[in-house]
Amino acid sequence: PFEPQKLVDTMEAAIGSIVTNQYYAREGPTTFMLSFWEYPPESLPLDSADFVQEFFEATIAESLSSTQGTLIYQTTDNFFEWPAQLWRLEFGQPTKGIKARGILTHHRFYLIQVVSLTNNFASDPYPDRFINSFKLNNEP
C-alpha cells in the first residue's frame, strides 16, 4: 500500500553489462525488496543443473557474508518452469532476519526479499504474502 523507492545501476563484468534494478519500501521494522539483474542474452545457461546450483549457492553465500549471518534453511522452489530457491537467514544482535526467493529466467535473476529487524517471520503473515505475490508477465 505504499510507493516503493527505485534504484537502477549498470555494472561491467567479463560477460558484458549487467543492469541492476531494485525496488524497496519500508514499513516499520520491515523492508520489502524486489531486485532483478538483466544479464547479456545467452549468458545464463539454465539448462545446466550445475550452473543453476552454483549460482544459487554463490548468491546465498554472498548474503551470508555481507550480513555475517547464519543460514536457517534453503530449499529448491521452482517458480513455474524456472529454477528457484527459497531461503532464510538470521544475523545481528538482537537477531534480525531475511527471507528470500531467487528465480532465474531467460537472462534475468529476480530476488524477492523481506528484511525484518524483529525477525518475526513465524508470526507475521506479510513476508510470505509479499514473496508469494510475485508474478512474471510475458518476459522477453
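In this predicted model, strands β1 and β2, the latter made of residues 16–27, run antiparallel and are joined by 9 bridges. In general, the strands of a sheet pair through backbone hydrogen bonds, and they may do so in a parallel or an antiparallel way.

From β2 the reader can move on to β3, residues 30–38, for these two strands also pair in the antiparallel sense, over 9 bridges. Here Arg26 stands opposite Thr31 in β3, and the hairpin that the two strands form has 2 residues between them, with Gly28 taking a positive phi near 60 degrees. Strand β3 in turn pairs with β7 in the antiparallel sense, again over 9 bridges, and the bridge partner of Thr31 in β7 is Val115. Of the 9 residues of β3, 7 are buried, so this strand is largely enclosed by the rest of the structure.

These pairings belong to an open sheet of 7 strands, whose order is β1-β2-β3-β7-β6-β5-β4 and whose pairing is antiparallel. Strands β1 (5–13) and β4 stand at the edges, and each has a single partner strand, so one side of each is left without a neighbour in the sheet. When direction is ignored, neighbouring strands of this sheet are turned by 15 degrees against each other on average.

Helix α1 packs on the sheet, where it touches β4, β5, β6 and β7, and its direction makes about 15 degrees with that of β5. This helix, residues 49–67, has 19 residues and reaches 27 Å from its first C-alpha to its last, which is close to the 27 Å expected at 1.5 Å a residue. Which residues of α1 are buried? They are Val52, Phe55, Phe56, Thr59, Ile60, Ser63 and Thr67. These residues cover an arc of only 120 degrees around the axis, which means that they lie on the same side of α1. It is these buried residues that pack against β4 (70–76), β5 (84–91), β6 (96–105) and β7 (108–116), whereas the face turned away from the buried side carries the exposed residues Asp50, Glu54, Glu62 and Ser65. Just after the helix, Gln68 takes a positive phi of about 55 degrees.

The structure holds 11 aromatic pairs. One of them is formed by Phe56 and Phe109, with an edge-to-face arrangement of 6.1 Å centre to centre and 65 degrees between the planes. This pair links distant parts of the chain, since Phe56 is in helix α1 and Phe109 in strand β7, 53 residues apart, and both Phe56 and Phe109 are buried. Another pair, that of Tyr110 and Phe134, is tilted, with 5.2 Å centre to centre and 55 degrees between the planes. Tyr110 lies in strand β7 and Phe134 in the segment after α2 (126–132), so the pair ties together parts that are 24 residues apart in sequence; both Tyr110 and Phe134 are buried. Ring pairs also link Trp37, Tyr39, Phe51, Phe55, Phe56 and Phe109 into a cluster.

How values were computed. Residues are numbered from 1 along each chain as its sequence is written. This is a predicted model: local features need pLDDT of at least 70, side-chain atom pairs count only at pLDDT 80 or more; totals for chains, interfaces and linings use all residues. Side-chain values use heavy atoms; hydrogens and water are left out. Helices (H or I, at least four residues) and strands (E, at least two) are DSSP runs, numbered from the N terminus. The expected span of a helix is 1.5 Å times one less than its number of residues. Buried means under 20% relative accessible area, exposed over 50%, partly exposed in between (1.4 Å probe, protein chains only). The arc is that of the directions from the helix axis to the C-beta atoms. Contact means heavy atoms within 4.5 Å. Two strands pair if DSSP finds at least two bridges between them. Axes are lines fitted to C-alpha atoms, for helices over the stretch in contact, and angles run from 0 to 180 degrees between N-to-C directions. Rings of Phe, Tyr and Trp (its six-membered ring) pair if their centres lie within 6.5 Å; planes under 30 degrees apart count as stacked, over 60 as edge-to-face and the rest as tilted.
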